[in-house]
Amino acid sequence: MEPRQLVLPMFVAEGATEPRPIASMPGVVQHSLDSLRKAAVDAVEAGVGGLMLFGVPLEKDATGSGLDDPDGILNVALRELAAEVGDATVLMADLCLDEFTDHGHCGVLTPNGAVDNDATLERYAAGALAQVRAGAHVLGPSGMMDGQIAYVRRALDAEDFTDTVLLAYAAKYASAFYGPFRDAVQSSLTGDRKSYQQDPRNGRESLREVALDIAEGADIVMVKPALGYLDVVRQVRDAVDVPVAAYQVSGEYAMVEAAAAAGVLERERVIDETLASIRRAGADIVLTYWAVEAARRLR
Ligand SMILES: NCc1[nH]cc(CCC(=O)O)c1CC(=O)O
């Protein structure tokens, strides 16, 4: 694996004046705009291939207005990073509503509380345009709404943003391994995402989801989580001819850090072994909270 195959997910919190630790993810922080800029420069110097940004707004509402507000924290951060490192790295933005909604779902809701797929697509389209205008090179629609890739692609094309790369969270499982992430973005979710994310017991569905996303215009397809889903990574790699990404998620990170802190595992060897496994399964790109550390060791 080469350092540039690694992508660093980063959190930026509106109103933060200094980085705030995330209790369940030692070593990962909610950045202030200032610390985000510095960490981005460090990551680029370490040789990582890209940065995936998540925003934590001060206020959340039913429609997740922070997503497409040009002054929303994620868009502000994208503009700042575009100016700072935009020519030196690939800037990626999480295109989802859950960080911005007061109910914590990845979409807007119908009056009876279900996720409204098609109304959500319009919100993603608005968010996509805001993120691209702010300087994102790659958008990662992560909400698992049906038709989201085609809808976002059409919205971008209509405004002549024809070079934007869509990294589709194509095979995204309803996983308990996202637990620490929900602390990281202070998610207000109660309930679960089983109506739009995949059942961990279902392997073949991933191939259908991936084929649909590619037909809709995805440039890169992603499997998530990584370690428990290496069979899916391999099947997807063998089935498609676009780059395949895998997301080593918050729970995978927290699990190893906790075991290492307890003296139960050799931290660095285990980290490198997990990354080698994901690579061996066929991932061309790996999103990991260890991206900077691993990139330094790979050089
Ligand atoms: N915006 C949705 C999103 N994008 C990335 C993650 C999880 C990432 C991780 O656990 O590291 C999630 C959370 C979810 O689907 O509940």
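The points below go through a strand, a helix, the ligand shell and some backbone details.

1. Please keep in mind that this is a predicted model.

2. Now look at the partners of β1. Seven bridges link β1 to β4 (residues 50-56), and the two run parallel. Two bridges connect β1 with β10 (residues 285-288), again in parallel, and β3 (residues 29-31) pairs with β1 in the parallel sense over two bridges. Val7 is a handy landmark: its bridge partner is Gly50 in β4 and Leu287 in β10. For β3, find Phe11, whose bridge partner there is Gln30.

3. Next comes helix α3, residues 117-134. At 1.5 Å a residue, its 18 residues should span 26 Å, and the end C-alpha atoms are 25 Å apart, which agrees. Its buried residues include Leu121, Tyr124, Leu129 and Val132. The buried residues of α3 pack against α2 (73-85), β5 (90-95), β6 (138-141) and α4 (148-158). Just after the helix, Gly135 takes a positive phi of about 115°.

4. Which residues surround the ligand? They are Asp94, Cys96, Asp98, Cys106, Ser142, Tyr178, Phe181, Arg193, Val249 and Ser250. This shell divides into five nonpolar, two polar and three charged residues.

5. Most residues other than glycine have a negative phi. Met144, in the loop between β6 and α4, has a positive phi near 60°. Asp160, in the loop between α4 and β7 (165-172), has a positive phi of about 65°. Are these residues buried or exposed? Met144 is buried, because 24 other C-beta atoms lie within 10 Å and 20 or more are required. Asp160 counts as exposed, because it has 7 C-beta neighbours inside 10 Å and the limit is 12 or fewer.

6. Finally, check one peptide bond. Most peptide bonds are trans. The bond from Lys224 to Pro225 is cis, with omega near -10°. You will find Pro225 in the loop between β8 (220-224) and α7 (230-239).

Notes: Residues are numbered from 1 along each chain as its sequence is written. This is a predicted model: local features need pLDDT of at least 70, side-chain atom pairs count only at pLDDT 80 or more; totals for chains, interfaces and linings use all residues. Helices (H or I, at least four residues) and strands (E, at least two) are DSSP runs, numbered from the N terminus. The expected span of a helix is 1.5 Å times one less than its number of residues. Two residues are in contact if their C-beta atoms, placed from the backbone, lie within 7 Å. A residue is near a molecule or strand if its C-beta atom, placed from the backbone, lies within 6 Å of it. Ala, Val, Leu, Ile, Met, Phe, Trp, Tyr, Cys and Pro count as nonpolar, Asp, Glu, Lys and Arg as charged, and the others, Gly among them, as polar. Two strands pair if DSSP finds at least two bridges between them.
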